[in-house]
Amino acid sequence: MSARSETMLWIAQRATAALLALCVLVHLATMIVAVRGGLTATEILGRTRGNVGWAMFYGVFVLAVAIHAPIGLRTVAGEWLQWRGHAADACCAAIGVLLLALGGLAVAAVTL
Amino acid sequence: MSSDLDVDVWRGDAQGAYRRYQVPRQDAQTVLDVVTWIQRRLDPTLAYRFACRVGMCGSCAMTVNGKARWSCRTHVAKVAQDNRLTIAPLANLPIVRDLVTDMREFFDKWARAKGQFSPTATRRDDFARVVPTSPARMEIDAAIECIGCGICYASCDVVAWNPAYLGPAALNRAWTLINDSRAGDQAVRLAAVAGDAGCHACHTQSTCTERCPKLLSPTASIAGLKRATARAALKGEL
């Protein structure tokens, strides 16, 4: 991989880290506030279904995770398993696609 | 200072072992004094490096009680625990014999990081004017006093995990040149220090900065390289 590509991966990971810090805070605060007094799944779905705002928020959340996690896993594979090169890159990219698909399905399930 | 020190010294190559020596304690005794006493009084076959004895040349670095240190400026009183010292060669470098490591890879990485000054002016040009208080010159001042001892390199976990990683000293050197208005080949230098073997591999653990005997901060230099390479990549100049 070229120096430019590796630098762009680093930028992408740092940018998504900043985004995730915000997303996680909002997510945790929402959970704590939403369940005060008890909530059922039906009530939650009643609030999230058809809500464009939550769909966009969790869509961005999932996208950031799908970018951030595989870049980090690529570093872990290189440093801890000494596994580097095209096969490692492809495996980490596949994990990113998987996270995007699973996360996207979850977001769709609660917002559509 | 009448008691003896129990000193375990690494002997042999990578398959070697520690050997114990008894060395008398003395006032203001340095670790280099201890090693020299062993070589001159107990075992003349002990191999180690030193030159200046005053913290300038960077040749006497060793692992002392588990941490890389410059032996000529490390007082025994500061590091001995229960009158015991364990002295080994620097980590992350091949052992030649006893306390001597093969420093070739360490210095080859300086070259790979484009640590050589490549001038943009000729002898017919006027002297370059570098304002001492300019931000670039002050960045250089903060990083330029490296003596090439290898302590940061031996202390860096990323070097241990990723043998291609250029290491703190080479990247620190590159950062001084990136800030040098007289230096050429800057695009080549930025490309050389970017990526998985360069500044982006650094985890900012700062062990290099904690251990640097000259109190430099390779971590800050590497952070500067990360910013410079990121800017260049976003502009399409990398």
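Of the 238 residues in chain B, buried residues make up 43%, a residue being called buried if 20 or more other C-beta atoms lie within 10 Å of its own, exposed if 12 or fewer, and partly exposed in between, with C-beta atoms placed from the backbone. The model is predicted, and local features therefore need pLDDT of at least 70 and side-chain atom pairs count only at pLDDT 80 or more, while totals for chains, interfaces and linings use all residues. Residues are numbered from 1 along each chain as its sequence is written, and chains are lettered from A and ligands numbered from 1 in the order in which they are written.

**View 1. Overall build of chain B.** Chain B has 10 helices and seven strands, where helices (H or I, at least four residues) and strands (E, at least two) are DSSP runs numbered from the N terminus. The C-alpha trace of chain B spans about 65 × 35 × 30 Å along its principal axes. Among contacts in chain B between residues at least 6 apart in sequence, 65% join residues at least 24 apart, two residues being in contact if their C-beta atoms, placed from the backbone, lie within 7 Å.

View 2. Chain B is divided into domain 1 (4–101) and domain 2 (104–234), with bounds that come from an automatic or database domain assignment. The C-alpha centres of domain 1 of chain B and domain 2 of chain B lie 29 Å apart, and 15 residues of domain 1 of chain B are in contact with 15 residues of domain 2 of chain B. On the side of domain 1 of chain B that touches domain 2 of chain B, the elements giving two or more residues are β3 (61–64) and β4 (67–70) of chain B, and β4(B) gives the most, with four residues. By class, this side of domain 1 of chain B has eight nonpolar, four polar and three charged residues; here Ala, Val, Leu, Ile, Met, Phe, Trp, Tyr, Cys and Pro count as nonpolar, Asp, Glu, Lys and Arg as charged, and the others, Gly among them, as polar.

**View 3. Two loop residues of chain B with positive phi.** Most residues other than glycine have a negative phi, and most peptide bonds are trans. B:N65, found in the loop between β3 and β4 of chain B, has a phi near 45 degrees, a positive value in a residue other than glycine. B:N65 is partly exposed, with 16 other C-beta atoms within 10 Å. B:T204, in the loop between α8 and α9 of chain B, has a positive phi of about 55 degrees although it is not a glycine, and B:T204 is exposed, with 10 other C-beta atoms within 10 Å.

View 4. Helix α7 (residues 168–178) of chain B has 11 of its 11 residues buried, so it is largely enclosed by the rest of the structure. Among the buried residues of α7(B) are B:N172, B:R173, B:W175 and B:T176. What covers the buried residues of α7(B) includes α3 (104–112), α4 (135–143), α5 (151–155), α8 (186–193), α9 (207–211) and α10 of chain B.

**View 5. The contact between chains A and B.** In this contact, 11 residues of chain B meet nine residues of chain A. Helix α10 (residues 218–234) of chain B supplies the largest share of the side of chain B that touches chain A, three residues, and the residues of that side divide into six nonpolar, four polar and one charged. The axes of helix α1 (residues 3–34) of chain A and α10(B) come within 9 Å and cross at roughly 110 degrees, the axes being lines fitted to C-alpha atoms, for helices over the stretch in contact, and angles running from 0 to 180 degrees between N-to-C directions. That makes α1(A) roughly perpendicular to α10(B), since angles of 65 to 115 degrees count as roughly perpendicular, under 35 as roughly parallel, over 145 as roughly antiparallel and the rest as oblique. The contact is made by A:R4, A:T7, A:M8 and A:I11 of α1(A) and by B:T229, B:A230 and B:A233 of α10(B).

**View 6. Helix α3 of chain A and A:F61.** Helix α3(A) and helix α4 (residues 86–111) of chain A pack at an angle of about 160 degrees, with their axes 8 Å apart, and are therefore roughly antiparallel to each other. A:F61 has its place in helix α3 (residues 52–80) of chain A and touches A:C23 and A:H27, not counting residues up to four places away in sequence.
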